[in-house]
Amino acid sequence: MVESIHRFSSRVDTYVRFRPSYPKQIVETMERDCGFTNDSIIADIASGTGIFTKLLLEHGNRVFGVEPNSEMRRAGEEFLAAYPNFTSVTGTAEATTLPSGSVDFVTAAQAGHWFDRTRSRQEFARILRPGGWAVLVWNERKTDSTPFLRDYEELLLRYGTDYNQVRHEHTVVSEFFDPYSFQERIFDSQQVFDYEGVEGRLMSSSYAPQPGHPNHEPMLRELRRIFDLYQHAGRVIIEYATRMFYGQLA
């Protein structure tokens, strides 16, 4: 658990600059299916640099951003400084420090696979009010929808440090919600990058070897090769299937 908390500490800048946002259909689904309103209070767990948190704040909600990593938390506080409804909290998914029955929604974007499923489910159930909802979201990069993405996937398999261990994050969802039911929605999204952007996106990933690692330079040479091969007007596209899972824990 400690290792997962700190594995993004050296990647904060690239995370802020190059990670994708999330489709607004997530909020629309929460409104339609979960009774989400501007008055709903949210605990956004592992809020990080605030990318998903911002979507909730723009909806007008009060949001407690719970983040254990100090570097990520400070970046989120700076990014969200203009939102008076945002409260930064030092805590984890398993120990949020929030009062019992204090929030209407618990959300987690791009983070649920790092949680201890049993302990985090118990903690979420504790801080949720009766009738509250848990919402887990992942931007899942498509791996074979284009020739560039197929070669990009091969690059990660060849040079990534622990890529196979952290892929397919959404497979933890059934275990998290068990024995309660949940629903899934999938939305398409994409990012368009020049070379600097696609390199930054790669280096924001926890499994991308950093400078000094023997795989770092060969990985970037391969990235440059496939970028030059597939770019159109100096750009490539990374496509995502954004997966949203939501349910009640009681």
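User: Why is Glu196 called partly exposed?

Analyst: Glu196 has a relative accessible area of 49%. Buried means under 20%, exposed means over 50%, and partly exposed is in between (1.4 Å probe, protein chains only), so Glu196, at 49%, counts as partly exposed. A quick word on the source: this is a predicted model, where local features need pLDDT of at least 70 and side-chain atom pairs count only at pLDDT 80 or more, while totals for chains, interfaces and linings use all residues. Residues are numbered from 1 along each chain as its sequence is written, and side-chain values use heavy atoms, with hydrogens and water left out.

User: How do you know that Arg17 and Glu196 meet in a salt bridge?

Analyst: Their side chains come to 3.1 Å, N to O. A salt bridge needs a side-chain nitrogen of Lys or Arg within 4 Å of a carboxyl oxygen of Asp or Glu, so the 3.1 Å pair of Arg17 and Glu196 qualifies. Arg17 sits in helix α2 (residues 12-18) and Glu196 in helix α10 (residues 195-203), so this pair ties together parts that are 179 residues apart in sequence. Helices here are DSSP runs (H or I, at least four residues), strands are too (E, at least two), and both are numbered from the N terminus. As for Arg17, a relative accessible area of 48% makes that residue partly exposed.

User: How many salt bridges does the structure hold?

Analyst: There are 13. One of them joins Glu175 to Arg117, with the closest N and O atoms 3.8 Å apart. Glu175 belongs to helix α9 and Arg117 to helix α6 (residues 117-127), so they link parts that are 58 residues apart in sequence. Glu175 is partly exposed at 47% relative accessibility.

User: Which residues are linked with Arg32 in a network of salt bridges?

Analyst: Asp33 and Arg185 join Arg32 there. Between Arg32 and Asp33, the closest N and O atoms are 3.1 Å apart. Arg32 is exposed, at 56% relative accessible area, whereas Asp33 is partly exposed, at 25%.

User: What makes α7 roughly antiparallel to α11?

Analyst: The angle does. Helix α7 (residues 147-159) and helix α11 (residues 216-230) pack at about 175°, with their axes 10 Å apart. Those axes are lines fitted to C-alpha atoms, for helices over the stretch in contact, and angles run from 0 to 180 degrees between N-to-C directions. Under 35 degrees is roughly parallel, over 145 roughly antiparallel, 65 to 115 roughly perpendicular, and the rest oblique. So α7 comes out roughly antiparallel to α11.

User: Which residues of α7 and α11 meet?

Analyst: From α7, they include Phe148, Tyr152 and Leu155, and from α11, Met219, Leu223 and Phe227 are among them. Contact means heavy atoms within 4.5 Å. By class, 12 nonpolar, no polar and 4 charged residues take part in this contact of α7 with α11.

User: What is the phi of Thr97, and where is Thr97 placed?

Analyst: Phi is positive, about 75°, although Thr97 is not a glycine. Most residues other than glycine have a negative phi, and most peptide bonds are trans. Thr97 is in the loop between β3 (86-89) and β4 (103-109), and is exposed at 57% relative accessible area. Ala233 also has a positive phi, about 55°, in the loop between α11 and β7 (236-247), and is exposed at 70%.

User: What is the peptide bond from Asp178 to Pro179?

Analyst: That bond is cis, with omega near 10°. Pro179 lies in the loop between α9 (173-177) and β6 (183-193).

Terms used:
Ala, Val, Leu, Ile, Met, Phe, Trp, Tyr, Cys and Pro count as nonpolar, Asp, Glu, Lys and Arg as charged, and the others, Gly among them, as polar.
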